[in-house]
Every structure is written in structure tokens, then in C-alpha cells.
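Subject: Structure for you to look through

Dear colleague,

I am handing over a structure that I would like you to read alongside the notes below. Please keep the sequence and the model open while you go through them.

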Amino acid sequence: MIEWSEEQQLIRDTIRRFIQEEIVPNQEALEHGDMPPYDIIRKMYQTFGVDEVARQRFERAIEREEAEERGESAASASDGDGGAEDLAIDTLLSMELCRYSAGIVTAMGVTQLAAGAIMSQGTVEQKRRWGLDLLTAEKVGSWAITEPGSGSDAFGGMQSTAKLDADGNYVLNGSKTFITNGPYADTIVFICKLAEEGVEPRQRKIMTFVLDRGMEGLEQSGRLRKMGLHSSPTGQLFLDNVIAGPERVLGGGDRKKSGTRKKSDPRATFAAERVGVVSMSLGVVERCLELCIDYAKERVQWEKPIGEYQLIQLKLANMEVARFNIQNMLFNYLERKRENQPMSFAEASAMKLYSTTAAVEVASEAIQLFGGNGYMAEYQVEQLYRDARVMRIYAGTDEMQVRAIARDLLSR
Ligand SMILES: Cc1cc2nc3c(=O)[nH]c(=O)nc-3n(C[C@H](O)[C@H](O)[C@H](O)COP(=O)(O)OP(=O)(O)OC[C@H]3O[C@@H](n4cnc5c(N)ncnc54)[C@H](O)[C@@H]3O)c2cc1C
């Protein structure tokens, strides 16, 4: 793959029209008001038929799983994965949205992350109860792992607990922070540790529960104030003796009561999350470049457009190198998906490390190129910078990407 196909470019144009009609006019309210992004996300899913495709794919996946449980062959049914073409469209959607609102992509992506956890580890009943409404964006989802005392070392340092009571239910306690969609989530994938007597805390079993808004003892905070990404609400969760039955446990627990469970590799989820951020970075870089080229041609100083000065040309050239590299990495990723040769965890980490560092550098240089106007909200580059900055932190910090890459190299 060396370029988007004609069909993909047509889809991109339709996405751009949607953004101009639905997001750009609401930009101020999304960024500086309290407008949650969810109605826009639902409208986008309906406009592009994403909800309908998700529904059909969901039914086929369930059909297949039920057939397997009955011991029948289900070879004709799809496994629910849309393949390389769908991935290319998801990539385009994410890139295009990030040119204006990386927060919308984050809010949307985390609902899908919660759906993905349920769809990969849940029973058929759990998928029907919680999965479908998240896949169609009918409901809002959160995926809660980070705690005030544990971030990069999320599993090791985790303090939230699940304690089995005499009735076979779990009593959940603890708090989570920086949770995307936390203030508005209808469905929460909550990750904690089993309270096991005599087992050293770092070694205790990790458990995943699905929780509903309004459960007794569950408190969802308001929005946390933050640097950027304002169209993605972020909050805290507090659990005080929340009672969760075994039917809420994902990927383990009481098999008799809650059916067949599959184990999934968390590294596959982390790798997908990392590559998702790469397409977001490309959206930021493309938009910065576009704005900077226009500005370099129109802004006159010393009686010449600033684009005629070599120091400005160097900034533009560096931005183009970053755009070209990130795009090629993404095309490589999509091509490998088509050829069924998935990227390794270390490769996904390398892509994320490079592209997010480049996006932050490009956005910072875009502000510089715009001078004082770059610091003003009206010219949009300051928002692109603030939105890009978190990409070096979430989905694994830069330092965690370095660790994953180096570990892979040193294991050879
Ligand atoms: C806007 C936003 C949205 C988020 N959404 C979610 C969400 O939906 N769900 C969720 O669960 N979490 C979410 N997070 C949390 C995010 O995943 C964490 O912030 C991130 O993993 C880093 O953890 P931390 O903030 O605790 O930093 P820490 O882990 O405390 O790290 C502090 C610094 O130390 C470095 N460091 C840590 N360990 C090492 C090491 N071994 N070697 C070298 N350096 C190290 C880090 O790289 C970093 O520079 C979100 C965060 C933000 C900012």
C-alpha cells in the first residue's frame, strides 16, 4: 500500500463533510463548554452505518459462538473481525477527527476498548447484556485500570480489591483515576486484584468486572480539569463495598454460573491501543502542516512571506518528513494486516513512540511558526499541541514504549 485507494479517498471526503457540518460548528462548546461528545459520536455511527455493521457483525459472532458451544461447525460465520479494509476506514476516521478533535477519538476509542474486553473475554450472556450497546455507541463505556498509586506499573501496584463473600459474590473496593468517559460511563470494565490470604500483593490474581452506572457504592466523579483533550471527559471512580455477582466477572471466576470464558492476551489489546494512537498522531501532523503552509504563504514580515525564510522552510520540511514517516508506518501496518502478518508488540510500541514524539514536536513548531498568533486559540495550533501532548503519556508513556522495544531487542 503506497496511497489511499480511490474508494478510501471518497470515504475520507464524506468524513470531512461530516466533521465540517457536525463538529466544527460545535468546536467551542466541545472544547470550552461542557458539551459531552456522545451525541455526535452516535450521529456519526448512524450516518456512516457503523452501528448497523457492528450489530450485524455482533450477531454473526454470537451465532458462531453458540454453534461452537453446541459442538456444531460454524465455519461459515465471520469471527466478527472486519479485516484490513475496515481497519483502513477506522484509521482514516481517527486521523480525520484528530485534525479537529482528538478528544472525540479518545472518548469513542475507550468505549470500544471496553466493548473489546467484553467481546474477547465475556460469555455470550455478558456480550448480549453489555457488549452490543457499546459496539453501537448506544451506551458509553470506560476501561478502568489506572489508580492514584499505580499507572505504568498498573498490574503490580494495583490496590483495588475484590473479596469473595459467603454468598459467592465479590465485594469491590478501591479507586481509579484518569478514567476516560468516567463521569458519563453507563458500563465500566473495572480491573482489580483478588483479595487472597497469604499471597504477596504483587502476585495476587487480576480480576475484571463489568459494572453498571448507579450500582450501590459506586461513585463516578465529575470531569477532571486538564491541559487539553477537552472533548474527552476524564474522571475518577470510587468503589465502597460494591457487590458484584459472578455474572459480572470477565474471563474467569465461577464457570458453572457464568458459562464458557476465553483468555485473551492483554498485550494484543495494548498493541492495538498503541497503533490507534499512531493514526491520531498523523491527523495532528497533517493538520499542522496544512495550517502552517497556508500561514507561511500569507504572513508577511520584512516585506516577504515568512515561507521565503530558510528557518521557516526547515520547520515545514521537518513536518513533512514526520508526516511521510508516520503515514508509511501506518500503511505498513495496514498491509501486514491484509497479509495476515500482525505487528509484534515491540513494533507497535516503536510506531507509537516515534509518531507521538513527532506529533508533539510538529505541533510545538507549528505554534512557533505562527508566532504570537500560534499562542492564541483562534489559530487552532495551540489546541493541536495540547491534544497531542497526552499521546506521549496515555496508552503507555514514552518510557514504557522504550522498555518494550529494548526488552524485545535484548531477548534476541
Ligand atoms: C487524558 C488521559 C486519559 C486517560 N484515560 C485512561 C483510561 O481510560 N483508563 C485508564 O485506566 N487509564 C487512563 N489514563 C491513565 C494513563 O494510562 C496513565 O496516566 C499512564 O499509564 C501513566 O501512568 P501514571 O500517570 O501513573 O504515570 P507514572 O506511572 O507514575 O509515571 C511517571 C513517570 O515515570 C516514568 N516511569 C514509570 N515507570 C518507569 C520505569 N520502569 N522506567 C522508566 N520510567 C518510568 C513514566 O514513564 C513517567 O514519565 C489516562 C491518562 C490521561 C492523561
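Alanine 366 touches Cys288, Leu291, Cys292, Gly374, Val381 and Leu384, leaving aside residues up to four places away in sequence; here two residues are in contact if their C-beta atoms, placed from the backbone, lie within 7 Å. Before going further, please note that this is a predicted model, in which local features need pLDDT of at least 70 and side-chain atom pairs count only at pLDDT 80 or more, while totals for chains, interfaces and linings use all residues. Residues are numbered from 1 along each chain as its sequence is written.

The nonpolar core

The largest nonpolar core has 94 residues, and Ala366 is among those that touch the most other members, together with Phe209, Val284, Val285, Cys288 and Ala363. A nonpolar core is a set of buried Ala, Val, Leu, Ile, Met, Phe, Trp, Tyr and Cys residues joined through C-beta atoms within 7 Å. A residue is called buried if 20 or more other C-beta atoms lie within 10 Å of its own, exposed if 12 or fewer, and partly exposed in between, with the C-beta atoms placed from the backbone. Helix H6 (residues 102-121) gives the most to this core, with 12 residues; helices (H or I, at least four residues) and strands (E, at least two) are DSSP runs, numbered from the N terminus.

Alanine 388 is found in helix H12 (residues 381-389), and alanine 388 counts as buried because it has 29 C-beta neighbours inside 10 Å. Its contacts, again not counting residues up to four places away in sequence, are Val284, Ala359, Val360 and Ala363. By contrast, the C-alpha atoms of alanine 388 and glutamate 200, which are 188 residues apart along the chain, are separated by 39 Å.

The strands

Which strands pair with E4? Strand E1 (residues 141-144) pairs with E4 in the parallel sense over 4 bridges, and within this pair tryptophan 143 stands opposite valine 189 in E4. Strand E2 (residues 161-164) also runs parallel to E4 and is joined to it by 2 bridges, with alanine 162 opposite leucine 194 in E4. Strand E5 (residues 206-212) pairs with E4 in the antiparallel sense over 7 bridges, and there the bridge partner of isoleucine 188 is leucine 211 in E5. Two strands are said to pair if DSSP finds at least two bridges between them. Since 7 of the 8 residues of strand E4 (residues 187-194) are buried, E4 is largely enclosed by the rest of the structure.

Strand E7 (residues 234-244) has pairings of its own: it lies antiparallel to strand E3 (residues 170-180) over 8 bridges, where valine 171 stands opposite isoleucine 243 in E7. E7 also pairs with strand E6 (residues 218-220) in the antiparallel sense over 3 bridges, and glutamate 219 stands opposite phenylalanine 238 in E7.

Helix H1 and its contacts

Helix H1 (residues 6-23) packs against helix H5 (residues 83-98) at an angle of about 35 degrees, with their axes 10 Å apart. Axes are lines fitted to C-alpha atoms, for helices over the stretch in contact, and angles run from 0 to 180 degrees between N-to-C directions. In this contact Gln8, Ile11, Arg12, Ile15, Arg16 and Ile19 of H1 meet Ala88, Ile89, Leu92, Leu93, Glu96 and Leu97 of H5. Sorted by class, the contact of H1 with H5 has 8 nonpolar, 1 polar and 3 charged residues, where Ala, Val, Leu, Ile, Met, Phe, Trp, Tyr, Cys and Pro count as nonpolar, Asp, Glu, Lys and Arg as charged, and the others, Gly among them, as polar.

The axes of H1 and helix H3 (residues 38-47) come within 12 Å and cross at roughly 145 degrees. Phe18, Glu22 and Ile23 of H1 make this contact with Ile40, Lys43, Met44 and Thr47 of H3, and the residues divide into 4 nonpolar, 1 polar and 2 charged.

Two loop residues

Most residues other than glycine have a negative phi. Tryptophan 302, in the loop between strand E9 (300-301) and strand E10 (304-305), has a positive phi near 55 degrees, and tryptophan 302 counts as exposed because it has 7 C-beta neighbours inside 10 Å. Asparagine 340, in the loop between helix H10 (310-338) and helix H11 (345-370), has a positive phi near 60 degrees.

With best wishes
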